[in-house]
Structures are given as structure tokens and as C-alpha cells.
Amino acid sequence: MIIKNSISNPLKMVVSGVILDLDGTLLHTDGIVNDVLKSFLGKYGKQWDGREALRVTGKTPYESAAVIVEDYGLPCSSAELMSQISPLFAERWCNIKALPGANRLIKHFSNHRVPIALASNSSRENIESKISFHPGWKDSFSVIIGSNEVTAAKPSPEIFLESAKRLNLEPSSCLVIEDSVPGVAAGKAAGMKVVAVPSLPKKSHLYSSADEVINSLLDFQPQKWGLPPFEDWVENTLPINPLYIGGPVVKGYGRGSKVLGIPTANLSTEGYSDVLSEHPSGVYFGWAGLSTRGIFKMVMSIGWNPFFDNVEKTIEPWLLHDFDGDFYGEDLRLVVVGYIRPEANFPSLESLIAKIHEDGRIAERALDLPLYSKYRNDQYLKQRDA
């Protein structure tokens with residue numbers, strides 16, 4: 001039985017090896033792409049606004065160049081565009097960050113000797129260059145294949161079939177993890193199981209052919225596929241590298257206290273575009289420092305809040321304390337130390353409220369553990385703006 005869009009129900013499947021995509025699945029390449037194209041298109045009086053993201057995600061570099069030349073009416077060929085921007089990308093590969101959960105996933109498979117391959121629509125040379133800045137990655141993969149090593153790139157299944165052949169596995173015993181629609185199509189055409197981790201926000205409906213759609217690599221559950229489970233969850237929470245966010249408390253949508261009965265202390269997202277793009281939407285927790293009131297436990301959401309269908313990605317902390325009044329404008333500093341669950345929609349307001357309170361109880365208990373309680377003394381919480 002196949003159950004899609006689920007992180008709680010078993011899929012009852014067994015695989016022997018895993019084939020991973022690179023850009024958008026393991027690496028946060030989008031940030032580099034946006035920076036390069038904004039700068040380059042500016043020379044032609046054009047403004048990159050990301051509207052082509054859906055059309056270029058999962059494509060080969062040359063295919064992406066063709067889309068950009070056509071859509072922006074550039075006075076050059078695809079080949080000329082490639083020759084001009086390729087050096088700009090190459091000098092920035094060192095700055096590409098691993099997406100949350102990527103290092104954990106690769107290390108887990110490596111430690112448990114799960115055969116893994118890396119199959120990307122990038123060229124083999126670019127793949128090697130990108131992963132060289134991430135210690136241990138290259139040695140973890142039994143197979144690495146670029147699109148220039150096959151006759152047809154994704155959505156053709158060829159790159160995945162070749163990966164399975166080199167892994168000495170049957171295609172039906174392989175699991176593909178992909179962020180793009182062409183990649184998902186390629187995996188299914190190869191006769192493989194596919195987990196989609198959409199890199200495009202609010203577009204999960206485009207991935208209906210995948211066997212499972214998850215919010216981020218943090219939500220991947222290997223045991224569903226007959227693979228060794230992660231053993232790093234603690235009291236229904238996943239420790240993460242601390243994330244530091246701060247700024248004045250601003251007025252939000254006015255629904256925290258009025259609609260939910262849960263007063264959230266909204267933070268401006270100005271200056272945190274990288275944080276928002278790099279970190280998957282979901283429910284997190286940690287410690288909050290208010291400049292004049294002290295330090296408190298908190299649970300927070302990063303995302304679009306599907307129930308209310310936010311237009312923009314937001315940061316909405318709930319300080320687990322009863323305050324006498326609001327504190328708009330007061331400096332709030334957050335040290336985010338753990339992850340609870342992916343963002344989700346709910347059938348009713350009541351079920352949403354119940355889940356938020358459950359998140360709060362999980363955070364309350366977890367923050368008493370030494371693993372998390374030590375961050376209460378983080379100096380960042382005690383700093384004050386000059």
C-alpha cells in the first residue's frame with residue numbers, strides 16, 4: 001500500500017539502495033542562482049524575480065539558460081549565456097550550504113552501509129566541485145553520475161537506471177529522493193520508489209506521482225522503506241544546530257490572541273531572507289530573551305501557515321509564559337535549538353489550536369533536558385541592541 005503526504009503511516013516497502021539528487025535536495029543552490037542571475041540580468045536592464053523557478057528547477061544548466069534567454073529576451077544565445085555565467089557560478093560553489101538534514105542523512109546512510117548514489121542534471125565536473133566543499137560527501141557515495149554522462153537528462157529515467165546498474169541493484173529496489181518535478185518523473189519512469197522533497201514552496205500538488213511527499217529531509221523516515229531508522233530524536237524532538245534570530249516585536253496578522261487564543265510575538269523577516277529560504281517550514285522550539293523581561297521557553301513556526309494560507313513565509317514565536325500585556329517594539333532574541341514537526345494544514349480551527357498546544361507541551365518538557373536547557377545561558381539572549 002502506498003500512502004502519500006504522510007510522515008506517520010508506514011509505507012510497507014523495502015529498498016536496498018538510495019539515489020539522491022544534489023541541487024535543491026542536498027544543497028541550497030537556489031540562493032546562489034538568485035544572486036548570480038540578479039547581478040547578471042541587471043546588466044541588461046532586466047530584473048530576476050524568480051518567476052522562472054518552476055520552469056528551470058530540475059533542468060540541466062543548458063536547458064535553464066535557454067528558458068532565461070527566451071523569457072527575458074536576451075540578445076545572446078543559450079551557449080553565450082552559459083559561457084558568461086558559468087564562471088560566476090563556479091566562484092560561488094564554495095558558498096553553497098547543505099540543506100537542513102542533508103549531512104545527517106548522508107552520514108546515517110554511510111554509517112549503516114546503505115549503498116547510495118548521487119545523480120544530478122548538473123555536469124559531473126560541477127557535481128565534483130560543489131561537493132568538494134562538504135567534507136565526507138564524496139567518499140560516502142558509491143556512485144556519482146552527471147547528466148553529461150548519459151544521453152538524456154531527467155525527466156528521462158536513464159540517469160537513474162544507470163545509477164542502479166552501477167550500484168548492482170534492481171531499479172525496483174532503489175529509492176530516489178528528489179526535489180524537482182522532472183526528477184520525480186524520471187524516478188517513476190525508472191520503476192523506482194520516489195520520495196519528493198519539493199524545493200518550490202506551496203507546490204506539493206505538482207508531485208502527486210511520488211510515492212511520498214515530505215516537507216524536508218528532517219522529516220524523512222528511513223524505516224518506512226526498510227532502511228535503518230534514525231536514532232537521534234529525543235522526546236519527540238530533533239536537535240538542530242542553534243539558529244539565532246532577533247529583532248523588534250512587530251504586529252502580525254492579529255489572529256494569535258483573537259483567533260487562536262495564543263499570543264504570538266511576531267518578528268519582522270527583514271534581514272532574514274537567507275534564514276527563511278534555507279530552513280524548511282515547520283515547528284521549532286528554543287529560548288526567547290526579551291530585553292526588559294527575561295528569558296522564556298518558546299515554540300515557534302517558520303512558514304506559510306497553511307490553515308491561513310499566508311502569502312509570505314513568516315516567523316511566529318509563542319513565548320510559553322503568561323504576560324500582562326503586549327510588548328510591541330521590544331527587542332526579542334531567539335535561540336532555536338530543536339525541531340518538532342513539519343508545517344501542516346488542519347480540517348478545523350479547533351484541531352489547529354489543539355496541535356499548537358501539543359507543540360507547546362512538547363517544547364516545555366524538552367527544554368528541561370540538559371541537551372536543550374544549556375542554551376538558556378547563551379549570551380545572545382542577553383545582548384541588547386546598541
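Domain bounds here come from an automatic or database domain assignment. For this protein the assignment gives domain 1 (17-24 + 96-225), domain 2 (28-93) and domain 3 (238-382). The structure is a predicted model, in which local features need pLDDT of at least 70 and side-chain atom pairs count only at pLDDT 80 or more, while totals for chains, interfaces and linings use all residues. Residues are numbered from 1 along each chain as its sequence is written, and side-chain values use heavy atoms, with hydrogens and water left out.

**Domain 1 and domain 2**

- The C-alpha centres of domain 1 and domain 2 lie 23 Å apart.
- The contact (heavy atoms within 4.5 Å) takes 20 residues from domain 1 and 13 residues from domain 2.
- The size of an interface is often given as the accessible area lost when the parts come together.
- Between domain 1 and domain 2 the buried area is about 1400 Å², and carbon and sulfur atoms give 62% of it. Buried area is the accessible area (1.4 Å probe) that two parts lose on being put together, summed over both.
- Ile-96, Asn-121 and Leu-200 are the residues of domain 1 that lose the most area to domain 2, together 36% of what that side buries.
- Three residue pairs are in polar contact across this interface, both residues being at pLDDT 80 or more. A polar contact is a pair of N or O atoms within 3.5 Å; within protein, one must be able to donate a hydrogen and the other to accept it, and residues adjacent in sequence count only if both atoms are side-chain atoms.
- Helix H6 (residues 124-131) supplies three residues, the largest share of the side of domain 1 that touches domain 2. Helices (H or I, at least four residues) and strands (E, at least two) are DSSP runs, numbered from the N terminus.
- That side of domain 1 has seven nonpolar, eight polar and five charged residues. Ala, Val, Leu, Ile, Met, Phe, Trp, Tyr, Cys and Pro count as nonpolar, Asp, Glu, Lys and Arg as charged, and the others, Gly among them, as polar.

**Salt bridges**

- Side chains of opposite charge can pair when their charged atoms come close.
- The count for the model is 18 salt bridges, where a salt bridge is a side-chain nitrogen of Lys or Arg within 4 Å of a carboxyl oxygen of Asp or Glu.
- Between domain 1 and domain 2 the count is zero.
- Arg-166 and Glu-162 form a salt bridge (2.9 Å, N to O). Both residues lie in helix H8 (residues 158-167), four residues apart, about one turn of the helix.
- Arg-166 is partly exposed at 38% relative accessibility, and Glu-162 is partly exposed at 23%. Buried means under 20% relative accessible area, exposed over 50%, and partly exposed in between (1.4 Å probe, protein chains only).
- Glu-364 forms a salt bridge with Lys-297, with the closest N and O atoms 3.3 Å apart. Glu-364 is in helix H12 (residues 349-366) and Lys-297 in strand S9 (residues 294-303), so this pair ties together parts that are 67 residues apart in sequence.
- Glu-364 is partly exposed, at 31%, whereas Lys-297 is buried, at 15%.
- A network of salt bridges links Arg-124, Glu-128, Lys-138 and Glu-149.

**Arg-341**

- Arg-341 is found in strand S11 (residues 331-342) and is buried, with a relative accessible area of 11%.
- Apart from neighbours within four places in sequence, Arg-341 is in contact with Gly-282, Val-283, Phe-346, Lys-355 and Asp-359.
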